[in-house]
Amino acid sequence: MDCRGLIEKLDAEKQLGFAEWVTLLSSYTPADRLFAAEKAALIAQKHYGRKVFIRGIVEFSNVCSNDCFYCGIRKSNTLVQRYNMSDDLIVECCRTGWQNNIKTFVLQSGEVGCCADRLGNLVRRLKRDFPGCAVTLSLGELSMTEYKLLREAGADRYLLRHETSDEEHYRKMHPEYMSLSNRMECLRNLKSLGYQTGCGIMTGSPFQTPQTLAKDMLFMHGLQPEMVGIGPFIPHKDTLFASYPAGSVEQTLMLLSLTRIMLEKVLLPATTALGSLKSGGRVLGIQAGANVIMPNLTPKDVQNNYLLYNNKLSADKPLAEAVKALSEELNTIGYAFEFSRGDWSEKTC
Ligand code: 5AD
């Protein structure tokens, strides 16, 4: 079957076999990519209209006990100035978002795994101060007990990219003491606790192949995550992967489209990394089937120490102006922001 046939089959059956994925991922043409993007955008519109959910992200700490080979805030990067924002400052960042009608706060940090109590109290505080808000956490691998505590505190969603579903590929990107099986168990734990759960990958990460990507698609089909984060790998100069090339905009768009076709209602961000690789990249992501954009609520001076990769898009204007500019960009392609919480739900619009 040719690529177009495989895309049609994916649309009809919502899954492909391993060999079919490998064929599709290794031989699609630019025309196939546009074909997939058109289908994906129509599917997103069927469920969500021409609307894009908005989430505010607070990168509240860059302290990390992990050492992922690709990541700029890995613990062995001694050139990073480490920070850990106070609860009051985090709440103030969220307040700025709230005043701009943003109702989901994404709290992201390096992996420290020692502060579930603190974070639990913070989640409760956010829920009290901003009634009706949604809280998404992105704190890495924690124990079941910690995930449970945070869920009971009111956290609604959790993002934990699995990075790759191939054992050997995982080994090439992470230190010995980390394991793919633990990451996958974390994802299953999150799901079982009732979090809207997000997994995901970087496109074009070093050693990625059509085979590893095929496994990612199969894994995601099995997990049925409510959210998927897909952004290009971008090298950071102080990491082991400094000299590897960045992933491509085109491949990222193709994977966004295929993910949308496979997991129709998934909440799929047009990521900051995509916007960092190409100006207007996030709008291209929306046209390829993404339906979430996450403006940054982190204070500007602090943002510059949360560089997972170089040339990261950073807020150059106050939030209200940034949202307005993004809004206008979306309008030019016939889309608009949707300011509701934007939960994954069974029903469609
Ligand atoms: N390029 C792009 N994305 C990166 N991430 C980490 N390092 C990089 C990089 N160099 C992504 C990982 C992680 C998420 C928070 O950021 O996929 O899960």
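Strand S1 (residues 51-54) and strand S8 run parallel and are joined by 2 bridges; two strands count as paired if DSSP finds at least two bridges between them. The model is predicted, so local features need pLDDT of at least 70 and side-chain atom pairs count only at pLDDT 80 or more, while totals for chains, interfaces and linings use all residues. Residues are numbered from 1 along each chain as its sequence is written, and side-chain values use heavy atoms, with hydrogens and water left out. Helices (H or I, at least four residues) and strands (E, at least two) are DSSP runs, numbered from the N terminus.

Ile 54 stands opposite Ile 293 in S8. The open sheet to which these strands belong has 3 strands in the order S8-S1-S9, with parallel pairing. Strand S8 (292-293) and strand S9 (336-338) are its edge strands, each pairing on one side only. Helix H14 (residues 319-332) packs on this sheet and touches S1, S8 and S9, its direction making about 120° with that of S9. Contact means heavy atoms within 4.5 Å, and angles run from 0 to 180 degrees between N-to-C directions, with axes being lines fitted to C-alpha atoms, for helices over the stretch in contact.

| Strand | Partner | Bridges | Direction |
|---|---|---|---|
| S1 (residues 51-54) | S8 | 2 bridges | parallel |
| S6 (residues 196-203) | S7 | 6 bridges | parallel |

In S7, Gly 229 is the bridge partner of Gly 200. Strand S7 (residues 227-232) is mostly covered, with 6 of its 6 residues buried; buried means under 20% relative accessible area, exposed over 50%, and partly exposed in between (1.4 Å probe, protein chains only). Met 227, Gly 229 and Gly 231 point one way from S7, and Val 228, Ile 230 and Pro 232 point the other way.

Gly 110 lies in the loop between strand S3 (104-109) and helix H5 (116-129). Gly 110 is buried, with a relative accessible area of 4%. Beyond its neighbours within four places in sequence, Gly 110 contacts Ser 61, Val 63, Cys 64, Ile 73, Leu 139 and Tyr 306. The C-alpha atoms of Gly 110 and Leu 308 are separated by 9.9 Å, although the two residues are 198 residues apart along the chain.

The axes of helix H1 (residues 3-13) and helix H3 (residues 30-48) come within 9 Å and cross at roughly 15°.
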